[in-house]
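Visitor: I would like a quick tour of this model. Where do we start?

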Amino acid sequence: MQGYIYPNEFELHWSILVVVYPYVTGLVAGAFILASLERVFNVKEVQPTYRLALLTALAFLLVAPLPLLAHLGHPLRSYEIFLTPNRQSAMAMFGFVYAWYLMVVLLLEIWFDYRKDLVLWARQEKGLTRWIHYALTLGATDLSPRALSFDERMGRWITIIGIPSAFLLHGYVGFIFGSVKANPWWSSVLMPVVFLFSAIVSGIALVLIIYMVSAMLRWKPVDMKCVDKLAAFLFYAMVVDFSLEMLDFIHRLYESEESIEILSQMIESRLFISLIVLQVALGTLLPMITLGLTAPALSKRSAVKLPDELKRLIYLGSAILVQIGIFSIRWNVVIGGQLFSKSLRGLTVYKLELFGVEGLLAAAALLILPFVILWVLVKILPPWPEAEAKLPRAEDDSGAVTGAVPLR
Amino acid sequence: MNPSERDPAREESTRPTQEVDRREFLKACSLLAPIILGVVRVPLLNAQESEGDDYDPSEHFYAMGIDVDKCIGCGQCVVACGTENDVPDEPYFFNTWVERYLIRTDGEVEVDSPNGGMEGFPPTTAEGDIRRSFFVPKLCNHCANPPCVQVCPVGATFKTEDGVVLVDDEYCIGCRYCIQACPYGARWLDPEKHVAAKCTFCYHRIVEGLVPACVEVCPTGARIFGEVERRATPLARFMRFNEVQVLKPHLNTEPKAYYANLDGEVR
Amino acid sequence: MAKFDPFRGTRVPQQVPRLVAVFAVAIIGLLVARYFLVPDTFGQLGHYRAAALDTIVAHEKKYAGQQACQLCHFQIMQKRLAGNHKGVGCESCHGPAATHVSDPAQIKPSIPSEREFCLRCHEYSPSRPTGFPQIDPVRHNPMSFCSNCHDPHAPEPPVIPGQCSACHGQIARQKAVSHHAGLECTTCHEAPEEHKVTPRLVRPTKPTERSFCGGCHARDADSPPHIPRINLRLHNPRYVCWQCHYPHYPETP
């Protein structure tokens, strides 16, 4: 503690769990926007990651509310947010934005995209997996060309709705912080936009990591065109994200309001490592420079010619650095916003616990959990191109297949 | 009963004044009953008219005035508030607290509030170097435009018709968004109930026509509680004869804690 | 080939009714839950549970309020209201007394007698407002109980002018180490008798003429030679001296 803080500010109210929450939602929004690149904007190179990105988004979305629930003083009362939402409250909209995104966007898109495969898998398999796949079809087993083209059209429309929804999901998280006028570190109209672009950065980087690691684990070759394109998009997103953050920074510095003194003190002392070193130097500038040099981002060819193996290693390293950087951004927003007193006269400290509900281990568990869920999802809904079931020829003109799944 | 035969333990706690009081009480009851009844009806400095059982919130609109020039930093308000509202002793949280400002001759500002001022303040260092110094009591401002109520996701904190911002202990989910949204640091999380807690203007007292505990015990009249919209109240007089300010007016929270003689360094 | 297909020939694909059913179940479930779970009194007065007010109002009082005290302690109350502690509520010193009011015979409020209690208000602090009675506990009758000399229900004001420092401690302390240490308060101020009773309403006087300070500090003043001099006619003639110089702690030339 240094200077004067209001006596009630002795305790920090939003802990590491609230850092995990925007980090995870950011990954969801980012992964979804990457998936929509293929579907809406027809970027064919990233096609191998399309289904993987959707499943990643779903796995992380399922975990997103958990840190918030664990953080509540009364988790069992959380249903009240659906019963009596206060329409004035940014946070009250969480339940609705979340439900909309989960039910209407992500699950529907995955369902329409996988339905044909689900039906065919159910026909070909035996035992438990067959019944799981059949249950997931909801009994809609029509594989007529008309039904399949309906799937295709709906998938496209949902993606088109999904892009603004993903923007809403994460922009809204930014708004939760950006609209707190009592807190000069948070209160900024740019906050939702900065959150959004950092979300895109983190989502692309995450899918890049998962794609490369999963290919390695499955002993499959990595599609170099695909990762080159991902790296290029990662670079573009980072440039936009970094420009927005710099704009916010310069704007604050130039306006130099009442709070500037205490905020500069905070950056120079409490946030030096997490903001200057981790967020800006290691998490943004270093990967941006390496990606800019190695990925075919600025022209059709990379600025530096490198063998594919080395390039993959650099992409993977950069993507991991980006994750560290984005986590630091969330940390600096959430924790940083509580390290200075609202009296603007002093700084406090955050003591991170190791154990306990709000401790480091709980946060780590919540960050590992999506990968476990993703593993299960991949088992049920394999996203790999070779797993895609081929439509039997007979089906093409036989029309609808309904009722119980016919045996092979 | 002979005084010398009395229980020594009782003896110790019994002081002459009490004996006088008891006698006075009997005398007063027998001889001065009409006068007592008369005096009871005379409104005291900060007291309001008793409303009895039929309390109607629409007839009231409460606020508090604070005369910085009268605060002596004794901390009695902090103690009384803690007692009256069962504020936990450890760790320390405060519905109200007192800040001490020391503005040095070079313009440097030092602020402190050890334990919210509950146990008073340690002696000042380098006394000759002080340009000015004063105490400022702080509490929930019961804003007319409260950001804490705006952000509550479930409607567990609310503004009553008589102008008091309260928390519903049985409905609060403990998300702490309201604590983040309060610009004045007036809210805290109850470590036992796990819900947001704050100053209630002693709502259970004011509906009975009493004043909040902090106002009841303030020895110098630095806190003036009352109705804003009536002409004949101590608060109305306070606001007539002082230039009043509110804290952080640029945030447009429209606070209802009105400060007289407030220094510009206070925030 | 003649399989039963209710949607064959219609324009609605098979997926639609299945999804509609799933969503309908979810939405109806939510509405039913909402119907049963929203508290009865929610929304009666605003976007909150009106019953919460009953819980809050039912909170137990600890402080009875001085209106309750005067019902029994009438004379002592009258005495206090006439004296310098007229604004000090009974429970300010005697502590919370709601239990005493409900059971006067068994439960007695505290009667603080130690010096530390009175010093919470009356110990000297430069942050306290000017004019508030304050003492230096080390010098002011140490080891003696305050109530030995002062009646807490009607404390006597100090005798002026000898004890101006009782209320004006900060001025007294500064003056004592300044070049004006030798001057009495009465040299420059006259304090009417009422100032002791209502100090904020009746104020002591201040010098209004430049010539008053000039009595010592003018070029031709009849005063000891080490005292700093100015030309009274040319030195900022539009101001009275104390508008710039602080006489209780004048700057060293």
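Guide: With a cut-off: a residue counts as buried when its relative accessible area is under 20%, exposed when over 50%, and partly exposed in between. Keep in mind that this is a predicted model.

Visitor: What percentage of the residues of chain A count as buried?

Guide: The cut-off is under 20% relative accessible area. Chain A has 408 residues. Those that count as buried make up 58%.

Visitor: How many helices and strands are in chain A, and what is its radius of gyration?

Guide: Chain A holds 15 helices and 2 strands. The globule rule gives 22 Å for 408 residues, and the model comes close to that, so chain A is as compact as a globular protein of that length. Its C-alpha trace spans about 80 × 60 × 35 Å along the principal axes. The radius of gyration is 23 Å.

Visitor: How many helices and strands are in chain C, and what is its radius of gyration?

Guide: Chain C has 11 helices and 0 strands. The globule rule gives 18 Å for 253 residues; chain C is well over that, so it is more spread out than a compact globule. Its C-alpha trace spans about 130 × 65 × 30 Å along the principal axes. The radius of gyration is 37 Å.

Visitor: What percentage of the residues in chain C are buried?

Guide: Chain C has 253 residues. Its contacts with a separation of 6 or more come to 49% from residues 24 or more positions apart. The buried share of its residues is 28%.

Visitor: How far apart are the mean positions of the positive and negative charges of chain C?

Guide: Lys and Arg count as positive, Asp and Glu as negative. Chain C carries 27 positive and 20 negative charges. Their mean positions lie apart by 12 Å.

Visitor: Which residues of chain B lose the most area to chain A?

Guide: Chain B places 50 residues in contact with 36 residues of chain A. The two chains bury about 3,500 Å² between them, 50% of it on carbon and sulfur atoms. Three residues of chain B lose the most area, together 24% of what that side buries: Y177(B), Q180(B) and R267(B).

Visitor: Is N85(B) buried or exposed?

Guide: N85(B) sits in the loop between α4 (76–84) and β2 (96–104) of chain B. Its relative accessibility is 18%, and the cut-off is under 20%. Therefore N85(B) counts as buried.

Visitor: Which residue of chain C does N85(B) touch?

Guide: Leave out residues up to four places away in sequence. N85(B) then touches N95(B), T200(B), C202(B) and H204(B) in chain B. From chain C, N85(B) touches H59(C).

Visitor: How does D151(C) count at 26% relative accessibility, and what is its C-alpha distance to R80(C)?

Guide: D151(C) lies in the loop between α8 (146–149) and α9 (169–176) of chain C. A value of 26% falls between the cut-offs of 20% and 50%, so D151(C) counts as partly exposed. D151(C) and R80(C) are 71 residues apart in sequence. In space, C-alpha to C-alpha, they are apart by 9.7 Å.

Conventions:
Residues numbered from 1 in each chain as written. Chains lettered and ligands numbered in written order. Predicted model: local features only at pLDDT ≥ 70, side-chain atom pairs only at ≥ 80, totals over all residues. Heavy atoms only, no water. Helix = DSSP H or I, 4+ residues; strand = E, 2+ residues; numbered from the N terminus. Rg over C-alpha atoms; globule rule 2.2 N^0.38 Å. Buried < 20%, exposed > 50% of the residue type's maximum accessible area, 1.4 Å probe, protein only. Contact = heavy atoms within 4.5 Å. Buried area = accessible area lost by both parts, 1.4 Å probe. Charge placed at Lys NZ, Arg CZ, Asp CG, Glu CD.
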